[in-house]
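Me: I would like to learn how to read charged pairs and sheets in a model. Please take one feature at a time.

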Amino acid sequence: MQTNFEEELRAYFAACGALLQGHFLLSSGLHSPNYAQCALALKNPAKAAEMAMELKARWRGQKPDLILSPAVGGLIIGHETARAFGVDFLFTERENGAMTLRRGFGLKKGAKVIIVEDVFTTGKSTRETAETAVKRGAAVIGAMSVINRMGGAVTLSSTNPFPTAEGTPHCGFPLVSLLKLDLTLYKPEDCPLCAQKLPLVKPGSRG
Ligand SMILES: [Zn+2]
């Protein structure tokens, strides 16, 4: 069911130019006819704070001890969500391709962590961030994002389990997102936009 908040948020994203149409190369290597440039919608701190408050309002689980986000995409919304919960904010980043905690960030054993991202696409960065936390003895109790476009993700499978539907505690933790987007994803070899010879744009933050 769409709430007014979702409709308003979608309109706000569109007004920011954050919902792009075309032919995009995602960080997963998949192609898509649309792309959400969340940073354009999060550039307004008051709006970012509003989105974070809504994420907190939709959370039905235990209070987290901290919020953990993968840099760079998760930094703004993660920080605002930590503020909304009144807890600390840490971030992971890539070092030689592997997700890790740097900068002296530590996690207490058993600390309850919610992972917060701008967009769930394949779940890869969420999964890697969760693994980073679990390796250090923390407990991942949930994951949140502004946008969820993960439903069509082809990198998720039974051998690589991760929650695939909002609210499904598939892998031990539930997911919360504010906005679901068109989930169309193409493998490069099956991409109809490639077949039409549309120029491929790489809009993401990685690479
Ligand atoms: Zn393509």
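Reply: Start with the term: a salt bridge is a side-chain nitrogen of Lys or Arg within 4 Å of a carboxyl oxygen of Asp or Glu. Side chains of opposite charge can pair when their charged atoms come close. The model here is predicted. In it, R94 and E128 form such a bridge, with 2.6 Å between the closest N and O atoms. R94 sits in strand 4 (residues 88–95) and E128 in helix 5 (residues 124–135), so this pair links distant parts of the chain, 34 residues apart.

Me: How many salt bridges does the structure hold?

Reply: It holds 9 salt bridges. Some share partners: E93, E95, R102 and R103 are joined into one network that way.

Me: Which side chain does E6 meet in a salt bridge?

Reply: E6 meets R58, at 3.3 Å from N to O. E6 belongs to helix 1 (residues 4–15) and R58 to helix 3 (residues 45–58), so the pair ties together parts that lie 52 residues apart in sequence.

Me: Are E6 and R58 buried or exposed?

Reply: Both are buried. For comparison of the classes, R94 is partly exposed, at 28% relative accessibility.

Me: Where do E80 and R83 lie?

Reply: They lie in helix 4 (residues 75–85), and because they are 3 residues apart there, about one helical turn separates them.

Me: Is E80 buried or exposed, and is R83 buried or exposed?

Reply: The cut-offs are under 20% relative accessible area for buried and over 50% for exposed. E80 has 11%, so E80 is buried. R83 has 56%, so R83 is exposed.

Me: How many bridges join strand 7 to strand 8?

Reply: There are 5 bridges, and strand 7 (residues 139–148) runs parallel to strand 8. As one case, M144 has V176 in strand 8 as its bridge partner.

Key:
Residues are numbered from 1 along each chain as its sequence is written. This is a predicted model: local features need pLDDT of at least 70, side-chain atom pairs count only at pLDDT 80 or more; totals for chains, interfaces and linings use all residues. Side-chain values use heavy atoms; hydrogens and water are left out. Helices (H or I, at least four residues) and strands (E, at least two) are DSSP runs, numbered from the N terminus. Buried means under 20% relative accessible area, exposed over 50%, partly exposed in between (1.4 Å probe, protein chains only). Two strands pair if DSSP finds at least two bridges between them.
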